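Please write a short report on the structure shown below.

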Amino acid sequence: MDLNTVLDVCDARRRGPWRPGDAWLGGGTYLFSEPQPRLRRLVDLSGMGWEPFRTLPDGALRISATCTIAQLSRFGRTLDATAAPLFEQCCRAFLASFKIWNMATVGGNLCHALPAGPMISLTAALDGVCSLQAQDGSLRRVRTVDFVTGDGDKDLAEGELLRSVTLPGRALRCRTAFRQVSLYGLGRSGALVIGTLDPADRSLALTITAATRRPFRLSFAEPPGAPELSRAITSAVAESDWFDDIHGLPEWRRHMTLRLAEQIRRELTLDSGR
């Protein structure tokens with residue numbers, strides 16, 4: 001779509017004062033998908049040269065905000081980590097064409113903050129931490145589960161930039177289980193639930209996205225039983241937190257979340273006798 005209110009596109013490497021009507025341009029798959037009447041200038045990140053991935057000394061993985069879905073998919077298939085299958089599963093939850101895969105970025109999906117954003121699902125489930133850069137160059141860190149605060153809402157100040165998201169090495173060593181459901185065969189996710197089981201202490205975490213306005217990550221010191229898991233979900237997620245749109249009623253999303261969560265509990269704790 002032509003953005004006929006945009007008067008200028010500038011290179012992000014040439015830093016200048018942030019103006020009203022500015023927006024960061026990553027892949028542009030959202031910006032160019034619908035009218036953006038408030039925008040006057042795009043600050044293009046494509047020339048920044050950020051490496052898509054870096055493995056840190058402690059085993060953590062840092063993913064740059066400009067990493068594309070296609071790059072993440074290819075990387076996940078070669079990653080030597082127990083949680084590696086989750087990368088491709090979340091990429092496939094995008095249900096987008098190859099054109100979108102090659103342009104859409106991890107950072108863009110996080111900052112768009114849609115309930116069904118699969119990069120939100122991936123990084124929240126693996127306890128990701130977002131690195132945010134202010135206009136003065138200062139950095140702050142926010143967990144993904146806290147970064148996305150609602151449908152389209154995020155903890156991002158005016159002019160602030162999502163630089164990267166870091167997944168801890170411990171999370172990458174976890175066993176994972178993935179469940180997704182949509183109203184239609186190729187529809188937007190109505191509920192997406194991910195479980196992780198830490199082999200070090202057998203703690204279990206359950207992450208709920210798509211069904212809720214923001215991500216929820218529930219942690220258990222040891223695998224819960226079915227009643228305990230159900231109570232934990234209904235206690236953590238208020239009635240007003242269940243998302244409501246044409247892709248699923250709140251009651252249906254809640255029902256499917258509970259059902260998928262129990263499937264995940266059984267899959268990850270099959271050998272625990274619970």
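How many nonpolar, polar and charged residues are in the lining of the largest pocket? The model is a predicted one. In it, the lining of the largest pocket has 25 nonpolar residues, 17 polar ones and seven charged ones.

**The largest pocket**

The space in the largest pocket comes to about 1,400 Å³. A total of 49 residues line the largest pocket. Closest to its centre are Tyr30, Gly108, Asn109, Cys111 and His112. Helix H4 (106-112) supplies at least two lining residues. So do strand S2 (22-25) and strand S10 (161-167). The largest share comes from H4, with five residues.

**Helix packing**

| Helix pair | Angle | Axes apart |
|---|---|---|
| H1 (69-78) and H2 | about 150 degrees | 7 Å |
| H2 (85-92) and H5 (118-125) | about 155 degrees | 8 Å |
| H8 (226-236) and H9 (250-268) | about 140 degrees | 10 Å |

Take H1 and H2 to begin with. They pack at about 150 degrees. An angle over 145 degrees counts as roughly antiparallel, so H1 is roughly antiparallel to H2. The crossing of H1 and H2 is left-handed. On the H1 side, the contact uses Ile69, Leu72, Ser73, Gly76 and Arg77. On the H2 side are Phe87, Glu88 and Cys91. By class, this contact has four nonpolar, two polar and two charged residues.

H2 also packs against H5, at about 155 degrees. That makes H2 and H5 roughly antiparallel. Their crossing is right-handed. H2 brings Leu86, Phe87, Cys90 and Cys91 to the contact. H5 brings Pro118, Met119, Ser121, Leu122 and Ala125. Eight residues of the contact of H2 with H5 are nonpolar, one is polar and none is charged.

How are H8 and H9 set relative to each other? They pack at about 140 degrees, and are therefore oblique to each other. The crossing of H8 and H9 is right-handed. Ala226, Leu229, Ser230, Ile233 and Thr234 of H8 take part in the contact. They meet Arg254, Leu258, Ala261, Glu262 and Arg265 of H9. Five residues of this contact are nonpolar, two are polar and three are charged.

**In brief**

The largest pocket holds about 1,400 Å³ of space, and H4 gives the largest share of its lining. H2 packs with H1 and with H5. H8 packs with H9.

Notes:
Residues are numbered from 1 along each chain as its sequence is written. This is a predicted model: local features need pLDDT of at least 70, side-chain atom pairs count only at pLDDT 80 or more; totals for chains, interfaces and linings use all residues. Side-chain values use heavy atoms; hydrogens and water are left out. Axes are lines fitted to C-alpha atoms, for helices over the stretch in contact, and angles run from 0 to 180 degrees between N-to-C directions. Helices (H or I, at least four residues) and strands (E, at least two) are DSSP runs, numbered from the N terminus. Angles under 35 degrees count as roughly parallel, over 145 as roughly antiparallel, 65 to 115 as roughly perpendicular and the rest as oblique. A crossing is left-handed if the near helix is turned anticlockwise from the far one by less than a right angle, and right-handed if clockwise. Contact means heavy atoms within 4.5 Å. Ala, Val, Leu, Ile, Met, Phe, Trp, Tyr, Cys and Pro count as nonpolar, Asp, Glu, Lys and Arg as charged, and the others, Gly among them, as polar. On a 1 Å grid over the protein atoms alone, a cavity is a set of points where a 1.4 Å probe fits but cannot get out, and a pocket is an open set with protein on both sides within 12 Å along at least five of seven lines; lining residues have an atom within 4 Å of a point. Grid points are joined across faces, edges and corners, and a volume is the space filled by probe spheres set on the points.
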